[in-house]
Amino acid sequence: MRLGKLQTSFAFPLGFHYLCILTTISTMTHSIKTIGTVLAAALLATLALAGCKKEEPTSSFLLVGDSSIYFEYGQTKEVFYTTRNIASFYLPSVPEGWSCVRQSGKYVITAPSEGDSGALSEGDIRVSADAGDRRITRTITVAIRLAEEIVAPANSFIVSEPGKRYKFNARRRAGETAETLDATGANIMWVTAGAPVGHVSLENGYLYFATADGAELIPGNALVAATDKTGKVLWSWHIWVTDYDPAVDYHTAAGAKVMARNLGALAGSNASAEDVRDSYGLYYQWGRKDPFPGPAAWNSTATEPLFTSLGRYTNLSFATSSDETGTLEYIASRPMTFIAGTEENDYAWLWDDSDDTLWGGSEGSGDSGAKTIYDPCPAGWRVASSDL
């Protein structure tokens, strides 16, 4: 099996000899007519607008970063701001029980304590600045959301409740007990349409995230990462937002339980063209833990669009395998980079040699029975050997 191919992954529970099947999936002029009168009209319009210039504001007051923030009881957080030509500031307007104090370049916000019965659990903080000829007001939405801890380590987590906050230990890699990651920040590498995951932050060594608010679950996928002070990715994790429960819905093969869906799949049937696409799930390079998006449509060669935490489009990057790019260290820090193999290294993404142990194989043949730190499956599941 070539390591450079994208694959879709089926996962299997631990405790069985074989626990995951991989099925290789093939990765996925206009002319302008001009009419004289139309061209002339367009030219006149261009000439008429040529002298126009957008007027830049003489003053500004902007919040930096996310303006919707989740808190634990009694927790304090900072919101930074930038200004230009601001004369003075007004006292913030805060919900009952909350505190907001302006300091140099930031607002320090403290949530109410758990025993404060008169405090509001959420609301809007309005901060305003005097720009001389006008008043500029910004809104910071705050809410108390207690996080449920995901204890079992893995590279992929399934979450199924809307408007819920979660956290997990981001100081260790999946499958390891030692806390070796010295992370100072966290962010969303990518998220699928609808923003099923948001509010990502790193607090006291834990990575926090939340599913989208609302009565209905917004299904989708996201890749979140812990970073160092330079912004370098130290490790990343796949968040699978779905109402699918693999403990209930699974198949049995050769005595092993097999997930009834591919990893990241949002549908389990082929009832419609959309279901066909959603059933594909995510794609993986063999031996890598981080997923790549599936197709935009079942019959499309384009990939599913990905977004940043700000809702802007983001794209994958590509690199050719070399002694620099075809390493485990390189892919860990660049989970959105697809590594293409070359003839020189037998078209494998890993430069030195293929490594069957990355997904639990043995050096020779067969299956070691172990789940590795590069296994993409959720806790309790692992990639199966190729002979299952």
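How many salt bridges does a search of the whole structure find? The count is 12 salt bridges. Keep in mind that this is a predicted model.

Let me start with one pair. Lys106 forms a salt bridge with Glu78, and the closest N and O atoms are 2.8 Å apart. Lys106 sits in strand 9 and Glu78 in strand 6, so the pair ties together parts 28 residues apart in sequence. Glu78 is partly exposed, at 41%.

Now strand 9 itself. With strand 6, residues 76–84, the sense is antiparallel, over 5 bridges. There, Lys77 has Ile109 of strand 9 as its bridge partner. With strand 8, residues 99–103, the pairing is again antiparallel over 5 bridges. Strands 8 and 9 make a hairpin with 2 residues between them. Look at Gly105 in that turn: its phi is positive, about 75°.

Back to charges. Lys164 and Glu148 form a salt bridge, closest N and O atoms 3.2 Å apart. This one links distant parts of the chain. Lys164 is in the loop between strand 13 and strand 14, Glu148 is in strand 12, and they are 16 residues apart. Glu148 is partly exposed, with a relative accessible area of 37%.

Next, Asp290 with Lys289, at 3.0 Å between the closest N and O atoms. Buried or exposed? Asp290 counts as buried at 3% relative accessibility. Lys289 is buried too, at 4%. There is also a network: Glu72, Lys77, Arg165 and Glu203 are joined by salt bridges that share partners.

On to the nonpolar side. The largest nonpolar core has 54 residues. Phe168, Leu207, Phe209, Trp237 and Ile239 touch the most other members. Strand 19, residues 233–241, gives the most to this core, with 7 residues. Apart from this core lies another, of 19 residues, including Phe71 and Val142. Beyond four places in sequence, the contacts of Phe168 include Ile150, Phe157, Val224 and Trp237.

Cysteines, quickly. How many disulfides does the count come to? It comes to 0. Cys100 is buried, with a relative accessible area of 12%. Cys377 is buried as well, at 0%.

Last stop, helix 2, residues 273–280. Its buried residues are Val276, Asp278 and Ser279. Gly281 follows the helix, with a positive phi near 75°.

Key
Residues numbered from 1 in each chain as written. Predicted model: local features only at pLDDT ≥ 70, side-chain atom pairs only at ≥ 80, totals over all residues. Heavy atoms only, no water. Pairing = 2+ DSSP bridges. Helix = DSSP H or I, 4+ residues; strand = E, 2+ residues; numbered from the N terminus. Disulfide = S-S within 2.5 Å. Buried < 20%, exposed > 50% of the residue type's maximum accessible area, 1.4 Å probe, protein only. Core = buried A, V, L, I, M, F, W, Y, C linked by side-chain atoms within 4.5 Å. Contact = heavy atoms within 4.5 Å. Salt bridge = Lys/Arg side-chain N within 4 Å of Asp/Glu carboxyl O.
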